[in-house]
Amino acid sequence: MTACAIEPAAANEENGKDGDGEIGNGDGETPRTERALTEDGETPRTGYVVTEDGSVPRTACVITADGSYAARLARGGDSWFPERWTLDGPEPYAVPLPGNQPEEPNTEVQPMGDGRVLIRRFADGRHTFSLLYPTGPRTGELPLGAVECPEEGTVLRLLPPAPGGETAYALSVGPLSSAVWLVAGGAFGPEHLAQVPGRCSGGVWLDRAGRMLALDRETGGRTKAVVVDLERGGEVSPLLQIADGSDDRLLLADPDSGLLLISSDAPSPGRPRLGWGVLGSTLPVRFPECLRVADCTLTPFAIQPGQVLVPESCGVALRVDGPTGSWVGVWRPAARRVQHLAAPEGWLAGAGLWTEDGELLLPYATAQAPCGVARWTAAPGDGALAGEAEGPGGTGAGDAGPEGSEGGGGAAARSPEPDPPEPVVARPVPLQQAPLGNLVTK
């Protein structure tokens, strides 16, 4: 079991900047804005896909579910400090939120819907949570409490921003089980919500209410995506089970259209592939051939919202990592190719969002523009992007598309669809076994 103890929140505090009221690095230079580093010193990668070595990477910039705010760790000299970006105004702008001392590079930050920034710090075996906000020349800080995870090997990380932006959650993963914590938005500090047998990773919200949370759970040497109902005491239901011996993970989901982006080695055992399915569909998951790019790793990080009943038309943004660097791929399930775009200079790789109108927003930071957003607009017709620039990965081909029966579907995609179960209770069920509509129990 994952053993964690709660420490109540302390009184309100305020943290100042350095002596002259400006953010400095000690030598009088203007702080440089760079991407944060992970615990092992590597540049963070996007946060909703599991790489081939089984690790769960994170993104350098976190954006609220509605796209209003973003937060990241910025770097000034040798120091790290939280930074909040406002994205819903005429022009994006950043507000630094430094504390009394520099942050550690493994500190996590997450924007809230009201503009405050949640921060998770780890020290002396305790994960402490606070809300940061600008207050004149200083940074206000509201401590929320702490979670202690004394069991050896337990790791705690923030989950992706919840819909609505009023609450925030964390996942602690122990040797035998995982726990979901409400760490912001509760009445009395961190609150333990659910205990899930097995080691969990990922984290995808399936509804707009912030009730149904999908996690990738490892048990018996296999990983399957499950759904945790946070309003029913953490009740767990299966979500993805493409084949008995496959590892099936959920990477992204769009509540409007029901589009799911998954990773599974069902069509090619031992090698994860990107696939897609639809909540409520009777069709199995499909694995387009165009989502296989030689010597590259594709990581989906954003889905176009608002495409109700037309999941095939949703734009999907992909981070493409190849031998020559990282760039952006754009794909739609109805298309048979991936469009490769040159990423803007200073792109906070793996971060971005779609608007309902089909505009892809990519945040970036350079010395000349420490807070910027590049915009790519979908062209009419086949969904091509205006102003696209070909990246070094080329353009994939051979996508089977929604109608195709070839092109990497694998045994799971070609197997006949079983009859759906009797609709006694409308619960999430394995994707290949039955429709997934009506996620919330009546």
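Among contacts (heavy atoms within 4.5 Å) between residues at least 6 apart in sequence, 48% join residues at least 24 apart. The protein has 442 residues, and 54% of them are buried; buried means under 20% relative accessible area, exposed means over 50%, and partly exposed lies in between, with a 1.4 Å probe and protein chains only. This is a predicted model, in which local features need pLDDT of at least 70 and side-chain atom pairs count only at pLDDT 80 or more, while totals for chains, interfaces and linings use all residues. Residues are numbered from 1 along each chain as its sequence is written, and side-chain values use heavy atoms, with hydrogens and water left out.

**Overall make-up**

- The secondary structure consists of 1 helix and 29 strands; these are DSSP runs numbered from the N terminus, with at least four residues (H or I) for a helix and at least two (E) for a strand.
- The protein has an accessible surface of about 18700 Å², and carbon and sulfur atoms account for 50% of that surface. Such areas come from the Shrake-Rupley method with a 1.4 Å probe, and for residues only the protein chains shown count as cover.

- Strands of a sheet pair through backbone hydrogen bonds, either parallel or antiparallel.
- Two strands pair if DSSP finds at least two bridges between them.
- Strand S23 (residues 316-322) runs antiparallel to strand S24 (residues 325-331), and 7 bridges join them. Gly322 has Gly325 in S24 as its bridge partner.

**The loop between S22 and S23**

- Val310 is placed in the loop between S22 and S23.
- With a relative accessible area of 38%, Val310 is partly exposed.
- Val308, Leu309 and Val310 make a nonpolar surface patch of about 300 Å². Patches are made of residues with over 30% relative accessible area and no salt bridge; like charges are joined within 9 Å, and nonpolar side chains (Val, Leu, Ile, Met, Phe, Trp, Tyr) within 5 Å.

**Salt bridges**

- The whole structure contains 17 salt bridges, each being a side-chain nitrogen of Lys or Arg within 4 Å of a carboxyl oxygen of Asp or Glu.
- In the salt bridge between Arg120 and Glu108, the closest N and O atoms are 2.7 Å apart. Arg120 is in strand S8 (residues 117-123) and Glu108 in strand S7 (residues 108-111), 12 residues apart. Both Arg120 and Glu108 are buried.
- Arg319 and Asp321 form a salt bridge at 2.9 Å, N to O, and both residues are buried.
- Arg116 and Asp114 form a salt bridge, with 3.0 Å between the closest N and O atoms. Arg116 is partly exposed at 28% relative accessibility, and Asp114 is partly exposed at 47%.
- A network of salt bridges links Glu103, Arg121 and Glu141.

**Around Ser79**

- Ser79 lies in strand S5 (residues 79-86).
- Apart from neighbours within four places in sequence, Ser79 is in contact with Ala74 and Pro102.
- Ser79 and Pro98 are 19 residues apart in sequence, and their C-alpha atoms are 9.9 Å apart in space.
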